[in-house]
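Okay, thanks everyone for making time.

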Amino acid sequence: MANQSDNSVAFSAAELEFLAEDEMVEIVPNMRMEPLNLISGDFGPFRPQIAAQVPLWLAVALKKRGKCTIRPPEWMSVEKLTQVLEAERDSEKFQLLPFHYVEISRLLFDHAREDIPDIYMVRSLIEDIKDVRFHKIGTGLEIISKEVTYALRLKNLSAMEANIVRPFVTKALQTFHKLNTTEAIPESGSIPNRQRQAVNQRDKRVLKGR
Amino acid sequence: MGMNEIRVKLKGSLYKFHYFNISAIFISIFLKLYISRKNGGLGFDLILSSSTLSIWRVVAKIVVKFSFLALKMTSYYDIDDILAEEEMVPAVFLQTANEVGIFDCADDTNKVEAGTHVEMPFWLAQELYVRQVVSIKVPPYFDTKAKTRNEIGADAAHVDLRSLCPYFYDFGCKIARLIGEKTIGPLLLVAFRTRYREVLIKAHTAASIVAPKHFSLLTKEETKLYEAGQSSTAAFKKWRMGGPRLQKASVLGRKRKPVE
């Protein structure tokens, strides 16, 4: 937190990664171990070749010691990702992906690359999906400038994506709000520009609502 | 004058106390009213029974005022807000004023005659305007007949607003609110809408040194917006590229100096 810039509302990428490490994954241990009783819950018991659900941080820690293999989550298969990518390209909406998909995929690519089948394919698919989604966010944000709006709703946006646009969007919305309220000073004289008049009418309505 | 100054300086905290107390009183009144109504309307106090409507109106007024002050308080220590008020505005003295020859020191009388045109910073003009000592005219770039207005209407994205006024929007809002000028608000909005789109595209593209030429046209507010988008994108890129996951403290790498 200390090295963050003034946009203190946003998380840093590393903080998001930390949060993402609480997501559960399935591992196949190759050792025998008693259940672990942790604050976040009990995990295990661990038996060789018997799958177990553990948080990602634990999976990575065990993986680093060579005690298990990680089973990639269901959505991280080539078929699923291809489907998501196509749907993402076709529709205007964001497709449903895990909230932390960017962070989880990065962690798995870093620490468990041999456990993921077709890793190059999977990686490039995720990159493509991410790019398509970012492009969508960009076009979506243009809407703010076209009409009077005070809030945005981006369904199925992931943690990382929301975090990246957060400082920008909040600042932009603040400025628009400020300018809109300034503009709402009751109008007496007429304005030659038609576009401006239309905007004014809208603002009068806002005033009435208060 | 001394008292006045103190009051202005302590404005934030004084108002804070004041309004918290009043709003607390009204909330308690409201609660009492509500409770007594629920019990069948028997326990009305004398004052409260007079008119529910007027109480509502007062509560509404207080809430509006309170939120307005909260807004004001947040900007009290905001350096950009202070700097935006440094902007010069043309003003005309309505009364003869002594001891302010600094504005118009043609001779050593050290006073300004009524009707003198002077330029003064906004924060001063604002106070004098409220006391009806000066009348304020809008700066040339907000003028209805000015060239700037047409330029913004044509292509706001390429107008050099920074050289006109580094706090174009903040200052515009302030002056429009003060003198009730209705044409500034729409102008600002049109300008920002067009320019926002440019900033949006530039802020989230990969190359960080994309357009220094474009950058020099942005006002302070737009620059901040741009930097907000840029820095978060850059931070994400950095994280994705990897790099050292654990950073070594600078002390650890150091070798101990051999003892002589």
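So, burial in chain B: of its 260 residues, 20% count as buried. Keep in mind that this is a predicted model. Chain B is built with 12 helices and five strands. And how do its contacts reach along the sequence? If you take the contacts in chain B between residues at least 6 apart in sequence, 64% of them join residues at least 24 apart.

Next up, confidence. The model as a whole scores ipTM 0.76 and pTM 0.68. For chain B the average pLDDT is 71, and 60% of the residues score at least 70.

Chain B has an open sheet of three strands in the order 4-1-5, and the pairing is antiparallel. Strand 4, residues 117-121, and strand 5, residues 134-136, are the edge strands, each pairing on one side only. Neighbouring strands in this sheet are turned against each other by 45° on average, if you ignore direction.

Let's zoom in on one pair. Strand 1 of chain B covers residues 88-93, and five bridges join it to strand 4 of chain B, the two running antiparallel. Which residue of strand 4 stands opposite Ala91(B)? That would be Val118(B).

There's a helix to spot here too. Helix 5 of chain B, residues 122-130, lies across strand 1, strand 4 and strand 5 of chain B. Against strand 4 of chain B, helix 5 runs at about 115°.

Last bit: where the two chains meet. The contact takes 31 residues from chain A and 31 residues from chain B. On the chain B side, helix 8 (168-179), helix 9 (184-203) and helix 11 (220-241) each supply at least two residues. Which helix of chain B gives the most to the side touching chain A? Helix 11 of chain B does, with 12 residues. And if you sort the side of chain B that touches chain A by class, you get 16 nonpolar, eight polar and seven charged residues.

Notes: Residues numbered from 1 in each chain as written. Chains lettered and ligands numbered in written order. Predicted model: local features only at pLDDT ≥ 70, side-chain atom pairs only at ≥ 80, totals over all residues. Contact = placed C-beta atoms within 7 Å. Helix = DSSP H or I, 4+ residues; strand = E, 2+ residues; numbered from the N terminus. Nonpolar A, V, L, I, M, F, W, Y, C, P; charged D, E, K, R; others polar. pLDDT = per-residue confidence, 0-100. Buried ≥ 20, exposed ≤ 12 C-beta atoms within 10 Å, placed from the backbone. Pairing = 2+ DSSP bridges. Axes fitted to C-alpha atoms, helices over the stretch in contact; angles between N-to-C directions.
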